[in-house]
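Hi everyone, thanks for coming. Have a look at the sequence and the structure while I talk you through them.

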Amino acid sequence: MPYPIEFREGAAQVMTQYILNRTNPFTLENQPQAMNNYGSGYNLVVAPFAVLFGNTLSTHRAVTFAFILFASLIGSVVIYQIKRDVASAFACAAFIMIGLTTRAGIGAFPSAMGTFLFLIALALPFLKAFHPASLGFSILFSIAAFYSKPYFVLAFAIVASYVFLFVSKKTGLLYGLAFLILFVVSFLAVRLAFPLYFINVIIGNISNAERSAAHLLSQLVQLAIYFFPVLFSLLVLRIMEQGSSGYRAIPAFNVQEWEQPWISVAPDYFLYATVCSLLAFILFLGSHIGSYMNYAYQLVVPVFFCWFFLKLDHQRKTNFLIGFAVVFNLFFWQQDVLPLRILKQSDSEEWSKLSSYVQSASQTLNSPVVTSMMVDYGLSPLDSGQTSYYYAIKPYPNFTLLGPAYDMVETDGFRYVKFIDNSIKQQTFDLVITTREKSTFYHVKLLEDFYSPVDEIKVDMPQTGQRWSLLLWRPRTR
């Protein structure tokens, strides 16, 4: 698919291009043009492939798909290592793959990479019985996950709390201390190298978050609908366990002995991870209006199905019915979230026409819809796709360790708007593209005095259910 599948997908190419040009995107000099609240971890991984194959959407998506495969592989390895059951391992991988591919997950975004790092940071300690070496690698993967997308650092919180509560208080504390030291070192290194990194990634995300309880509830209902066959199977398994189980140990608390766990009876590791991920989704992430189901598919679904397939016992008499429910659930969910129609680009002629406009222009004030095209043609987009997020950054405490003072960020934003406004007045741009459905960060009303609309093109992004109306403007005759 040569065209973007999401409104801001081209932002990844802009960031990668800065890296290829050996230019620091996280400086005031290059902001807000290079604004990107995802950070640069994913782009640093893409960059070597972009050198070989070009800084294109195809290159970015290929790297994304590789991480989808790797994340699915982690799930299958967990199941196979414990149960030696190929069918369950493949089924677990399939659920993870669908979850990460849907809702533009296959696009030029860092989510698949973050999920892979999140899962391997969780799985290694579990598979190696919390051996110190596995915990060390878990720390490294957790920090790497943070720099792909900050919320994936949840892996550290899950491992640290589980080890402290159910394995060894001493080991848990040492794990947490080692993580804190390495994280602080990495934080200082990134802060010195990229002055605006944490303003973009941390403050930017917090400032741009709009929350709604109704939005969260809608997703929880949707999850229940999508996975009701598997949830019903779990209920059946639970009833059977209660009917066949005898005495269950009562948890005892050990406050004094540091080599011992805090709680004597440990829950299933991936059940604990599922509960933690679900709580993070409910309390912090799921209410964010800018994302629908993505956080659940990246954090909750992978660990849930690792737990489910580890718990599934094929020796039970209900094996056939539960197996049928799992297969039905897999195809029922896939058919709804990954229908074949997302592969059809119904308005290729409109995309081609839009591409011709962009290719023929020398100075373009762009909409995020055409950011990718501009990078492909060697042009410099004035809107990275996330540039408008820079103007949503809210005042924050002037804390040098975090980044430049808010006044400097605000002044830099005003400077950029003034530059674009003056360029409009001087008719510097031979083409301006605006999106009807989206507001701009500059004063778009100026266009009516100095430019005339010459065309309107409507383009479809069926992979994300988006459709945009683009107005194309040319300078008025003086």
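Let's begin with a quick one: in which loop does Arg 22 lie? Arg 22 sits in the loop between helix 1 and helix 2. Before I go on, some housekeeping. This is a predicted model, where local features need pLDDT of at least 70, side-chain atom pairs count only at pLDDT 80 or more, and totals for chains, interfaces and linings use all residues. Residues are numbered from 1 along each chain as its sequence is written, and side-chain values use heavy atoms, with hydrogens and water left out.

Back to Arg 22. Its phi is near 55 degrees, which is a positive value in a residue other than glycine. Arg 22 counts as exposed because its relative accessibility is 82%. By our cut-offs, buried means under 20% relative accessible area, exposed over 50%, and partly exposed in between, with a 1.4 Å probe and protein chains only.

A cis peptide bond joins Gln 31 and Pro 32, with omega at about 0 degrees.

Now for another arginine. Arg 84 lies in the loop between helix 3 (57-83) and helix 4 (86-101). Phi of Arg 84 is near 55 degrees, again positive in a residue other than glycine, and Arg 84 is exposed because its relative accessibility is 53%.

Let's zoom out. The protein has 19 helices and 4 strands; helices (H or I, at least four residues) and strands (E, at least two) are DSSP runs, numbered from the N terminus. Buried residues make up 53% of the 478.

We work on a 1 Å grid over the protein atoms alone: a cavity is a set of points where a 1.4 Å probe fits but cannot get out, while a pocket is an open set with protein on both sides within 12 Å along at least five of seven lines, and lining residues have an atom within 4 Å of a point. Grid points are joined across faces, edges and corners, and a volume is the space filled by probe spheres set on the points.

How many cavities of 30 Å³ or more are there? The count is 1. The largest cavity has a volume of about 80 Å³. Its lining has 15 residues, and those nearest the centre are Ala 12, Asn 36, Tyr 38, Asn 43 and Pro 110. Helix 1 (11-20) and helix 2 (41-53) are the elements giving two or more residues to that lining, and helix 2 gives the most, with 3 residues.

The second largest pocket has a volume of about 610 Å³. It is lined by 26 residues, including Thr 101 and Gln 463.

Last stop: Ser 161, found in helix 7 (residues 154-166). Ser 161 is partly exposed because its relative accessible area is 22%. Ser 161 and Arg 61 are 100 residues apart in sequence and 35 Å apart in space, C-alpha to C-alpha.
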